[in-house]
Amino acid sequence: MTSQRSRFLDATALTLGFAFLYLPIVILVIFSFNASQLVTVWGGFSTRWYAAIWQNRQLMDAAWMTVQVAAASAAFATLVGTLAALALTRYVRFRGRTLFSGLVYAPIVMPEVITGLSLLLLFVSLGIDRGFWTVTVAHATFTCGFVAVVVQSRLVTFDRSLEEAAADLGAAPAHVFTRVTLPIIAPAVVAGFLLAFTLSLDDLVIASFTTGPGSTTLPMRIYSQVRLGVTPEINAISTLMIATVTVLVIAASLATKRSAAAR
Amino acid sequence: MEPPERPSRGTFAPWDEPAAQPLVLFDGVTKRFGAETAVSDLTLAVYEREFFALLGPSGCGKSTLMRMLAGFETPSAGRVLLAGQDLAGMPPHVRPVNMMFQSYALFPHMSVEKNIAFGLEMDGRPRDEVGARVAEALRMVKLEGLAGRRPHQLSGGQRQRVALARALVKRPKLLLLDEPLGALDRKLREETQFELMALQERLGLTFIIVTHDQDEAMTMATRIAVMDKGRIAQVGTPAVIYEAPATRHVAGFIGEINLVEGTVSGCDGRRVTVATAVGDLTVADAADSVAVGQAVAVAWRPEKTRIVRAGEAISNGRAVISGTVHDIGYLGGRTTYHVDVTGLRLKAAVANAARSVERPIGTGEAVKLAVAPDALLLLVR
């Protein structure tokens with residue numbers, strides 16, 4: 001009897017917990033299919049707002065800008081983060097190692113407002129016009145730490161004798177990396193890229209500090225529209241963003257799992 | 001065409017020929033890791049077509065020695081020469097040496113075939129030659145049917161064969177084997193030992209094997225270097241290492257031995273008498289010269305010991321030690337008696353030549369151990 005009751009309690013706690021986390025999102029998704037113009041009144045099922053998004057030039061431009069920023073910054077962060085992870089796992093002792101690892105991981109814990117503000121100050125003082133490249137660099141700055149963490153977790157379990165075997169069989173260092181090291185850590189690198197892409201996709205704070213006119217990202221566009229009132233269109237585009245992020249996160253976790261299974 | 005055969009072990013002894021040039025020469029090599037000295041001023045020569053074993057407990061420097069040869073470690077002092085050429089400054093990928101790793105280090109993202117082809121591809125060999133040589137290597141290790149498998153789909157023994165094929169396919173002057181059989185179970189290990197020996201003889205290659213397993217070294221090697229704390233304690237053929245160990249460490253590491261400490265009480269040329277806790281023992285043919293009063297040890301192998309009841313007679317000329325049987329270990333092929341003699345425990349091993357003995361010696365019985373003077377060894381170090 002007690003076990004049944006405790007099972008009931010478990011189920012309730014789980015339901016409440018998930019409801020707390022996901023109910024708002026579920027409501028948003030449901031109302032994105034609302035036929036009514038009013039956001040809070042259900043007027044029947046419709047996909048008209050998804051069609052309307054395609055006609056909304058501003059929204060589509062912002063979405064395209066966001067994808068470009070995410071792809072470019074994730075690529076850059078993956079390169080830098082992977083190199084940082086290699087340095088941290090391969091060279092156990094070098095001058096300033098603690099400082100270096102601190103610098104790599106600091107952007108992860110740094111409040112976004114601070115990162116955004118300091119980057120803004122940097123760009124202003126250097127006299128750089130803010131736009132696509134400044135947002136991209138800013139996003140790469142705060143996401144490369146995440147990539148480094150993901151890749152490093154794979155590298156610490158990497159069997160170094162594989163690289164020695166490759167060298168022993170006649171592979172020069174560059175070949176050792178491209179033929180053995182990189183293929184084996186590739187799932188972690190891909191996972192790091194997807195994570196960086198996702199983080200860039202939904203960033204509002206840093207983007208608002210570092211972007212300029214003509215490079216408005218989707219979260220910024222949504223935020224500014226919401227201030228004038230929530231429209232069903234916003235629900236629809238948000239639902240699409242949620243779907244994209246979900247797919248990417250699942251892909252990243254599958255990549256990590258594959259890398260774990262390959263060990 | 002008949003493959004060239006290594007002369008039988010009786011006549012194959014390039015190390016005894018002063019004119020022979022060693023294939024590998026460690027010349028006064030020292031390797032330090034920080035404050036620790038892994039290899040200490042070590043000189044060692046290995047000759048072509050040898051099956052040379054580096055034997056010692058873990059941490060004795062045997063793996064470091066091999067890694068210096070492969071190019072993964074650089075000597076702190078001294079030179080490593082291969083066929084007369086100093087290997088200093090030569091990175092691993094250009095050395096004509098291949099290594100089989102203890103963990104096998106098979107590339108998990110490549111098939112068996114790709115693993116074996118890797119070294120040939122790195123050398124830029126034409127594709128049809130790579131294909132032919134990989135097929136030949138697969139045949140050699142009897143893995144023809146598994147070319148497309150990934151390493152994780154293979155058994156331990158199959159992985160070991162792939163690692164061996166991958167290391168041999170480039171036909172290296174010298175193959176290094178780091179504990180190659182360590183991960184196999186006992187039966188497979190014994191089979192593989194003989195396969196490795198046959199392969200080495202057939203291909204006419206030089207093998208250097210690192211192992212901590214004395215049976216493995218004794219079975220396979222032409223010569224053994226017993227290592228201890230970064231130094232070589234003794235180099236010799238398995239028979240020399242076993243029958244004439246140079247130090248207490250070597251005597252104790254290879255096989256079982258009875259070892260009694262004492263002081264030299266008489267010295268007549270190579271005939272040395274030692275006063276020990278179990279009485280005076282006379283060594284017929286001492287290898288080292290000693291002086292009266294010197295602290296030495298006398299050692300002998302259990303199987304060179306006769307054991308009889310206290311009342312029975314023993315032929316003259318043998319050292320006789322009286323004691324009590326403490327324990328008897330029956331091992332099928334032989335029986336080992338553990339005999340207590342004034343605080344020491346000595347062993348006598350007797351071959352079980354007959355199926356049954358009328359009245360076997362039992363635990364607690366008073367016995368006499370007899371050892372011939374030429375079976376006694378004098379150990380100074």
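This is a predicted model: local features need pLDDT of at least 70, side-chain atom pairs count only at pLDDT 80 or more; totals for chains, interfaces and linings use all residues.
**Entry 1**

I found 17 residues of chain B and 16 residues of chain A in the contact. Next I asked which elements of chain B supply at least two residues each to the side that touches chain A. Those are strand S6 and helix H2 (112-122). H2(B) gives the largest share of that side, three residues. Sorting the chain B side by class, I got 10 nonpolar, five polar and two charged residues.

**Entry 1: the sheet that holds S6(B)**

S6(B) made me curious, and I followed this strand into its sheet. I noted an open sheet of six strands in chain B with mixed pairing, in the order S6-S7-S8-S3-S9-S10.

**Entry 2: the partner of S6(B)**

I then checked how S6(B) is joined to S7(B), residues 174-178. The two strands run parallel and are linked by four bridges. For one of the residues, Val97(B), I found Leu174(B) as the bridge partner in S7(B).

**Entry 3: helices across the sheet**

H4(B), residues 156-168, lies across S6 and S7 of chain B and runs at about 175° to S6(B). H1(B), residues 62-70, lies across S3 (51-55), S6, S7, S8 (206-211) and S9 (223-228) of chain B. Its angle to S7(B) is about 145°.

Terms used: Residues are numbered from 1 along each chain as its sequence is written. Chains are lettered from A and ligands numbered from 1 in the order in which they are written. Two strands pair if DSSP finds at least two bridges between them. Two residues are in contact if their C-beta atoms, placed from the backbone, lie within 7 Å. Axes are lines fitted to C-alpha atoms, for helices over the stretch in contact, and angles run from 0 to 180 degrees between N-to-C directions. Ala, Val, Leu, Ile, Met, Phe, Trp, Tyr, Cys and Pro count as nonpolar, Asp, Glu, Lys and Arg as charged, and the others, Gly among them, as polar.
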